[in-house]
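Dear colleague,

I am passing on the structure below, followed by notes on what was found in it. Please read them with the sequence and coordinates open.

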Amino acid sequence: MKAEVEAALAEFGFTGATLFTVAATEGLGIAGLRDHLLQLSARAHPQHQRFRLAIDRAFTVKGAGLVVTGTALSGEVNVGDTLWLTGVDKPMRVRGLHAQNQPVAKAWAGQRIALNIVGDAQKEDLNRGDWLLAVPPPEASERVIVELQCHTPLSQWQPLHIHHAASHITGRVSLLEGALAELVLDTPLRLADNDRLVLRDISARLTLAGARVVTLNPPRRGKRKPEYLQWLHALAAAQGDDVQALDIHLQRDAVRLDDFAWARQLSDEGLKALINRPDYLQAGNSLLSAPLAARWQRKLLDALARYHDQHRDEPGPGRETPAAYCAADGR
């Protein structure tokens, strides 16, 4: 039995995991397991992420009102905070918290949490898979690039059941290169970078693969171009490194800060700390690296030079002309 467990763990990357033989009814091995757990260091909780909780249950408690439960995927929440409730798309105030079945004033990512919330919503308005979020979210994703960890090989455009947090939908997979693939979702999901998904066959009997989100809302065309695939592989390797992920995004184009903050679930303070670098240039909601800004400057100057060569008698171009020249040149 132990060898079978070790083989199953190794298949999914948990080689060398510590195993304990226990029998709760007889007390066998419980003391050793308890000592091991007590010696583990406390998990660090990132301070720069937004709170995000997937709701799996909603009910009312006499004298308290509406209570929702779920697992927090990121960030932390305090009694008195105001959160955005999807489904009804309204703000809700946190009146009380329970984490791991204990009343608390604060809870954070990884904990099982019950929240007593107050606002313009009733139990009947909520569904499994709704979210409590630190800020109102962007539109949910219909397509997403993922990195697969397959237990069974997948086929091109295979229909799947897709599980994410407390949501369960269907969709199809488009295989790209190596472990990279695009999931096309029948029902949009509120995803973020590095979210985990479980893929099952269309009969919902077999678990086929796990998946990790690499990037949201990819382009509809050109996903198999070598340069785009190379960029995706680099982004997949960055995983939870926000600094590296931002640098990789900036190699390709300007970054919309609100989109990047959502994708990485960064708080306002976390985003400010991340972009506070002398080699970044911010223009409104857009961020450019110095090399990218230099390339754009060269493109603009080249476009102006071509315009003046072709229209020597005119005083200058209109506002839209340089952009049109850049587009016509394919740059």
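In this predicted model, D193 forms a salt bridge with R264, with 3.3 Å between the closest N and O atoms (a salt bridge being a side-chain nitrogen of Lys or Arg within 4 Å of a carboxyl oxygen of Asp or Glu). D193 sits in the loop between β13 (180–189) and β14 (196–201), whereas R264 belongs to helix α5 (residues 257–264), so the pair ties together parts that are 71 residues apart in sequence; helices (H or I, at least four residues) and strands (E, at least two) are DSSP runs, numbered from the N terminus. D193 is buried, at a relative accessible area of 11%, and R264 is buried as well, at 7%, where buried means under 20%, exposed over 50% and partly exposed in between (1.4 Å probe, protein chains only).

R264 also forms a salt bridge with D242, the closest N and O atoms being 2.8 Å apart. Since R264 lies in helix α5 and D242 in helix α4 (residues 242–252), this pair ties together parts that are 22 residues apart in sequence.

Elsewhere, R312 and D309 meet in a salt bridge at 3.8 Å, N to O, and R312 is exposed, with a relative accessible area of 66%. R143, E182 and K223 are linked in a network of salt bridges, and the count by this rule comes to 14.

As to conventions, residues are numbered from 1 along each chain as its sequence is written, and side-chain values use heavy atoms, leaving out hydrogens and water. Because the model is predicted, local features need pLDDT of at least 70 and side-chain atom pairs count only at pLDDT 80 or more, while totals for chains, interfaces and linings use all residues.

Best regards
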